[in-house]
Amino acid sequence: IDASLVSDKNLTLTKDEEFDVRYKLSPQDFEFNDINNATQKDVVLLIDNSSLVNNVAFNSLKDSIFSKLLNNTTLVNLKTNYSVITFSDKVELLSKFTTNINDLNNVIKNINQNSSKEANLDKAIDLVKTTLNGGRTDATKNIIIMAQDNVTYSEDRIKELLRRRVLRLRL
């Protein structure tokens, strides 16, 4: 993912003041310096299916997952395992880990937006953790969060997960 800062990079803030940081994200292919040393990957696709996501963007996202990610030759050759979880006001495991691209494509095609105006990431984290822990022991664990705006989460919860190394942020 290529991330470019959109919001003002120079802010004057006071202690405990809240602020927004906005990035323009552009999907990029996974790149490996040496395919022979690339590790297996377990990837959870965490998809916001709330009504907060623009309908056109939601359908474009589903198409992109299949065309850009699941059909990535390098990841296919590494037998990358994918799991699909959706979140809004509720969380659903739609697919356990699998390498079957046709099954994953069917799961993704059949994801529907619901009418919820809530996109609660906190509710999804426990299922993501359980899903990743149930993956292959020799695979690196990855989460790809796909959401638009207004995702809610507890800052303390994210900090706790980062501290316990359940969740890692990479830029």
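This is a short tour of a predicted model, stop by stop.

**Before you start**

Residues are numbered from 1 along each chain as its sequence is written. As the model is predicted, local features need pLDDT of at least 70, side-chain atom pairs count only at pLDDT 80 or more, and totals for chains, interfaces and linings use all residues, while side-chain values use heavy atoms, with hydrogens and water left out.

**Stop 1: the sheet**

Select β5, β4, β3 and β6. These four strands form an open sheet in the order β5-β4-β3-β6, with mixed pairing. Strands (E, at least two residues) and helices (H or I, at least four residues) are DSSP runs, numbered from the N terminus. Two strands pair if DSSP finds at least two bridges between them. At the edges are β5 (91-98) and β6 (140-146), each pairing on one side only. From one strand to the next, the twist averages 15°. Axes here are lines fitted to C-alpha atoms, for helices over the stretch in contact; angles run from 0 to 180 degrees between N-to-C directions.

**Stop 2: strand β3**

Select residues 41-48. This is β3, and it pairs with β4 (residues 81-87) in the parallel sense over seven bridges. Asp42 has Asn81 as its bridge partner in β4. Asp48 has Phe87 in β4. Now look toward β6. β3 and β6 are also parallel, over seven bridges, and Lys41 has Thr140 as its partner there.

Is β3 mostly covered or mostly uncovered? It is mostly covered: eight of its eight residues are buried. Buried means under 20% relative accessible area, exposed over 50%, and partly exposed in between (1.4 Å probe, protein chains only). Lys41, Val43, Leu45 and Ile47 point one way from the strand; Asp42, Val44, Leu46 and Asp48 point the other way.

**Stop 3: Val44**

Stay in β3 and pick Val44. This residue is buried, with a relative accessible area of 0%. Leave aside its neighbours within four places in sequence, and Val44 is in contact (heavy atoms within 4.5 Å) with residues including Ser83, Ile85, Phe97, Val128, Leu132 and Ile143. Then find Ser95. Val44 and Ser95 are 51 residues apart in sequence, yet 9.5 Å apart in space, C-alpha to C-alpha.

**Stop 4: from β4 to β5**

Select β4 and β5 together. They run antiparallel, joined by five bridges. A hairpin links β4 to β5 through three residues. Val84 stands opposite Ser95 in β5.

Next, pick Thr98, also in β5. Its side chain reaches the backbone nitrogen of Asn100 at 3.0 Å. Not counting residues up to four places away in sequence, Thr98 touches Thr80, Asn81, Tyr82 and Leu104.

**Stop 5: helix α1**

Select residues 55-70. Helix α1 lies across β3, β4 and β6, running at about 170° to β3. At Ser64 the helix bends by about 30°; the bend is the angle between axes fitted to the seven residues ending there and the seven starting there. The buried residues of α1 are Phe58, Lys62, Ile65, Leu69 and Leu70.

**Stop 6: helix α4**

Finish with residues 121-133. Helix α4 packs on the sheet, touching β3, β4, β5 and β6, and its direction makes about 25° with that of β5. Its buried residues include Leu121, Ala124, Ile125, Val128, Thr131 and Leu132. At 1.5 Å a residue, the 13 residues of α4 should span 18 Å, which agrees with its end C-alpha atoms being 18 Å apart. The expected span is 1.5 Å times one less than the number of residues.

Notes
Polar contact = N/O pair within 3.5 Å; in protein donor to acceptor, adjacent residues only side chain to side chain.
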